[in-house]
Amino acid sequence: MAGEKILIIEDEVKISRFIELELKYEGYAVDQAFDGRSGLEKAISGEYDLLLLDVMLPSLNGMEVLRRLRQNSEVPVIMLTAKDQITDKVMGLDIGADDYMTKPFAIEELLARIRVALKRKKAVVQPQQNKTTLSLGSLTLDLDKYTLTYNGEFIELTKKEFDLMRYLMENRNSVLTRDRILETVWGYDYFGDTNVVDVYIRYLRSKIDDKYDIKLIHTVRGVGYVLKYEQ
Ligand code: CA
């Protein structure tokens, strides 16, 4: 756990300093950037295990930093923001944030989320042996190439959509509750709203069921969702 390197991109010097001290106390190595542009430059160097990224930043806002970073980096990112609108949350998660913290927050909660994000990063890095594709009907999810195809046609997915699709595919024909989906795809102590699951199910439906005029993602009223293929 100790020694992992965290970059804080936050323009509020006091907040940044406070987080820095807490993280160092926990044994992490810490680096700081105080605006979006220099933060992005540091972040793409690839030397960090995790990023804490403020949304409202001078020179380049946090969403834009994240969007550009995700073009060539999968480093875990926890967004920090003063806003707590579900739309902002969804937008951040949709462009590839791993988690979200609304300011002001308890430092213990931030530390817990950092541990989860770092642990999940390690879990993702471990290759799954000889199971590189998952299929359902004409739908194929390639875990090596991070692609989803329907009859060979590519369906563009964001990172979270892919993670959700993977979880549904791994548990096809089983009913999954919103809580269980949230726990697995977003992390067990993700304190978010289960609404985020519904929002992402809607995204997947529009990209798969609606587009190809099929019905694979079924709602189980009052419970959750099931992915199944019915002829
Ligand atoms: Ca700020």
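What volume does the second largest pocket have? I looked this up and found about 230 Å³, the space filled by probe spheres set on grid points joined across faces, edges and corners. I took a pocket as an open set of points on a 1 Å grid over the protein atoms alone, where a 1.4 Å probe fits, with protein on both sides within 12 Å along at least five of seven lines.

I note that this is a predicted model, in which local features need pLDDT of at least 70 and side-chain atom pairs pLDDT 80 or more, whereas totals for chains, interfaces and linings use all residues. Residues are numbered from 1 along each chain as its sequence is written, and side-chain values use heavy atoms, without hydrogens or water.

**Lining.** I find 14 residues lining the second largest pocket (an atom within 4 Å of a point), with Y146, L157, T158, K159 and F162 the closest to its centre. Domain 1 (5-126) and domain 2 (131-227) both contribute to this lining, so the pocket lies between them; the bounds come from an automatic or database domain assignment.

**Calcium ion.** I list D11 (OD), D54 (OD) and M56 (O) as its protein donors, at 2.1 to 2.3 Å. Donors are N, O and S atoms within 2.8 Å of the metal (3.2 Å for Na, K and Ca), and water is not among the atoms, so sites may look incomplete. I read their spacing along the chain as D-x42-D-x1-M.

**Burial.** With a 1.4 Å probe and protein chains only, buried means under 20% relative accessible area, exposed over 50%, and partly exposed in between. D54 is buried at 2%, whereas M56 is exposed at 55%. I record 48% of the 231 residues as buried.
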